[in-house]
Amino acid sequence: MECFLSTTVNGRKRKIIDSAARKRTKLEGEDTGDDEMSKSGPKISVEPGQLQHAITAPELMELLHYAALGKGGGLKQPSWCRLHRQRKVTGVNVVVVQGLTQSDFNKHYLAMKHLRSSYSTRVAFSPGTDRLLAEIFSSEVTRRNGSQKHGQLGKLPKAMQIHPVIIKYGIKTRGLTAYVLSEEEMIRKHFPVKGMPGSEDYASTNSDAAVTDESPLYGLDCEMCLTQKGMELTRVSLVDAGGTCLMDELVKPYSRIINYNTQFSGITAAMLRPVTTRLRDVQAKLKSLLPEDAVLVGHSLDNDLRALKMVHRHVMDTSLMFTRELGQRFKLKVLAEAVLKRPIQTEDRLGHDPMEDAVAALELAQYFVREGPLQVVARHLEELWGISMDKDAADSPPPSNRFTDVLQDLGISVSFFGKRFADYALPLSCQHWHQSDKEVVSSFRKQSKPSFLSFLQLSSFSDRERRSEASSQQSGSTPEDRSNLEDMRVVFAGPLPFGATEKDVRKLFRCCGEVQMVKMLRTALRLHAVVEFVLLESAVLAVRSLDGIHLQGLTMKVQRPVIDTLLDLDLTLDALTEDPLNSRRLYVARLSTSMAKRIRSPTTLSAEVNGHVGGSAPVTSKTSRLTEETLRRAFGHFGSLDVTLSSVAGKLERHAFIQFGRSEEKHAALRSSEDLWKQQLLVCPALTPPHMLVTRTTAEPEESEGDESWTSTQSQVKLDTQFCRKGLGVFVCTQECDMDSMIKLDSRLRKLYSALPECTLSVVMFAGCSSAEGGGSGLCLLEIKR
């Protein structure tokens, strides 16, 4: 039923929200902690596999379209992520930082304190053009039924094609099962569901059998009064499919009544005085009356079931069937007068009659099923939805599907803050022009009521992008400098036996992770090598595990390069370890039998040839292959885990990332590194954020399980000479992007984020460089404001 209640306070009438509504408000985050809010509020998630692929501008638009319009607007979930509980999103804020790339974020990782700590989802972005915002504003909204527009749906007037009932149910006439709410829909619409919070003590009707189009319908309606414990049941009515009354009971609440709510409930003190029926009595009677495949029908039926404190699996709700734009609902009285041509809840009567309301809801549902959504909309388009289908309207051009036009038609507010740009498909009244980033952020924060959809363009770094492109054209090098995160993947190793080749060095170091490239450094007396890994974790393991091992009488030293980008190496490693994206992740490398005999154990302070002084030798395995079964056997006792194995074509899988359910489980595994080493497993905390992982397809020759002999075979691996100029040849770091500017940017984004309303989807885009020569990938950061 529709729940109304009024009480008199200081001579004025005001509405009181029923207890179910108060529960919903609490679940939506008022006066609750972040944990409660995260369970009921909106949430965005990306599959781990998707984090390793850059998204494109059209994929970003999928998310923005769905966040603004949702399923009620005829859109489906984005293909690359999931926005849970979209209807609870209170706004969408998009900040586009021009001229910055993912490499800039990596280079100034420590300076980006707000971005790295507040945004738990980061995805690489593949820039298409430098007109990202213009493309978003002018993008076409693709609705679910768009593929049918040239078929039967395309023959309908435009107003009916985009009608919410047609979008939700289509145009075919179907049986009643098409309109029975799924369990997911019931949870989303706040129905009591077995096993869900708030329904633990509810009785069940036990009508759990599968329903068919021939299952019986029962109309239900309840009335409630305000008691000391909130809204409690005082009357319940049940009718069968023919409208015959099966039950019409007055119910005396257990708690003292504060307000009988007679204006709406029709209940008075005199009516309840002789009543002895209690809630448990009507619960038992309902159980006995309803068959196993019963379908309950009502209007805002979730309120009735909560008043009854009962769970029923199969329901039809006429307030949801006769849907309106943006999820608004018709009152039962309006639907009865327009569709059934019968007045109910008239003013000459004292309160509502639940028998009358139950019959009305039942007949509305039967009418909808019998006639089908197309006929329902066609017959009542103007009377219910206020849309005229005269000839002029039919001959008028179809409404635009351009994003900004759709938002304007639906009354969704949009605003833009940034430099003036004539090519934006946005009304001038929605544009706020400013010359500096400081003015842009300040203007946005001064708004008394922000728009639902807001876009900010920060352009202070755009000149840097143009200078970088010009410089790259003159020098022939790419505009993207090596970042400190890239230099952290590099180690120096030596001395090495004379005759050692790049191939030999690869074989030795790939036990820690995939090797990106090797460069041999020869002096008059000794041979050294510079090794760059694909992952940060591999370099950490190499320094920890390979430093000090003996090779043909030589003790090899493995160390970091001494360069300006690594002056804060310890701080950067700590920040990466504590990054929200890495808090539950662990990196694992599997040793071959030959390498297990060389590498020292984690607790050994000095390296020996066999690598395990002071401890037991590792249990050698017949294979160096790392499998999910092996990892679950080794790590499963620490807690639940997800495994991501390396996927390099043509190679054995020797390295993996493990994500635990809780950070405590990860730390327990790290404390057991000695035991894991005995199983030929090396572990370290995950450092590489998932969005930096890329799928590699280059295969390396397989390492044999026998002795690794140092040969003089000529290596076929060729170094990128351009890379040598930038990094390995001469370690010089030219910080094109001023550190102070990046700290200032992070501070502005923090202030902007703090000004966003709760449950706002915040998107920060490092737009990347789309130039043909040396373009750099961008970065997309996503978070729901808590």
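Predicted model: local features only at pLDDT ≥ 70, side-chain atom pairs only at ≥ 80, totals over all residues.

**Entry 1: a strand pair**

With that rule in hand, I looked up strand β24 (residues 585-590) and found that β24 and β27 pair in the antiparallel sense over five bridges. Within this pair, I noted that Y587 stands opposite C684 in β27. Is β27 enclosed or open? I take a residue as buried when its relative accessible area is under 20%. Four of the five residues of β27 (residues 681-685) are buried, so I wrote this strand down as largely enclosed by the rest of the structure.

**Entry 2: L676**

Next I went to L676, which I found in helix α29 (residues 673-677). Its relative accessibility is 2%, so L676 counts as buried. Which residues does L676 touch? Leaving out residues up to four places away in sequence, I listed A634, F635, A669, L681 and V683. Two of these names sent me back to the strand of Entry 1, as β27 covers residues 681-685. I also checked L676 against V588: the two are 88 residues apart along the chain, and their C-alpha atoms are separated by 9.8 Å.

**Entry 3: the whole protein**

I stepped back for some totals. I have 31 helices and 29 strands on my list. Of the 786 residues in the protein, 53% are buried. The exposed surface comes to about 35,600 Å², and carbon and sulfur atoms supply 49% of it. Taking contacts with a separation of 6 or more, I found that 73% are between residues 24 or more positions apart.

**Entry 4: a four-stranded sheet**

What is the order of the strands in the open sheet? I read it as β19-β20-β18-β23, with antiparallel pairing. At the edges stand β19 (515-522) and β23 (557-559); each has a single partner strand, so one side of each is left without a neighbour in the sheet. The twist averages 20 degrees from one strand to the next.

I then looked at one pair in detail. Strand β18 (residues 490-496) and β23 run antiparallel and are joined by three bridges. In this pair A493 stands opposite V558 in β23.

Two helices go with the sheet. Helix α23 (residues 502-509) lies across β18, β19, β20 (527-533) and β23, and I noted an angle of about 130 degrees to β19. Helix α24 (residues 536-545) also packs on the sheet, where it touches β18, β20 and β23. The direction of α24 makes about 145 degrees with that of β20.

A reminder first: most residues other than glycine have a negative phi, and most peptide bonds are trans. Where did I find a cis peptide bond? It joins G494 and P495, with omega at about 0 degrees.

For positive phi I noted two residues. S300, which is not a glycine, has a phi near 55 degrees, and it lies in the loop between β12 (295-298) and α13 (301-308). With 11% relative accessibility, S300 counts as buried. Q345 is not a glycine either, and its phi is about 55 degrees. I placed Q345 in the loop between α15 (332-340) and α16 (354-371). Its relative accessibility is 13%, so Q345 counts as buried.

**Entry 5: two helix pairs**

I describe two packed helices by the angle between their axes and the distance between the axes.

The axes of α16 and helix α17 (residues 373-385) come within 6 Å and cross at roughly 110 degrees. That makes α16 roughly perpendicular to α17. The meeting residues are Y367, F368 and E371 in α16 and P373, Q375, V376, R379 and H380 in α17. I sorted them into four nonpolar, two polar and two charged.

My other pair is helix α20 (residues 437-445) and helix α31 (residues 739-754), whose axes come within 9 Å and cross at roughly 10 degrees. These helices are therefore roughly parallel to each other. From α20 the contact uses D437, K438, V441, F444 and R445, and from α31 it uses R748, K751 and L752. What kinds of residues make up the contact of α20 with α31? I noted three nonpolar, no polar and five charged.

Definitions and conventions. Residues numbered from 1 in each chain as written. Heavy atoms only, no water. Axes fitted to C-alpha atoms, helices over the stretch in contact; angles between N-to-C directions. Parallel < 35°, antiparallel > 145°, perpendicular 65-115°, else oblique. Contact = heavy atoms within 4.5 Å. Nonpolar A, V, L, I, M, F, W, Y, C, P; charged D, E, K, R; others polar. Buried < 20%, exposed > 50% of the residue type's maximum accessible area, 1.4 Å probe, protein only. Pairing = 2+ DSSP bridges. Areas by Shrake-Rupley, 256 points an atom, 1.4 Å probe, with all protein chains shown as cover.
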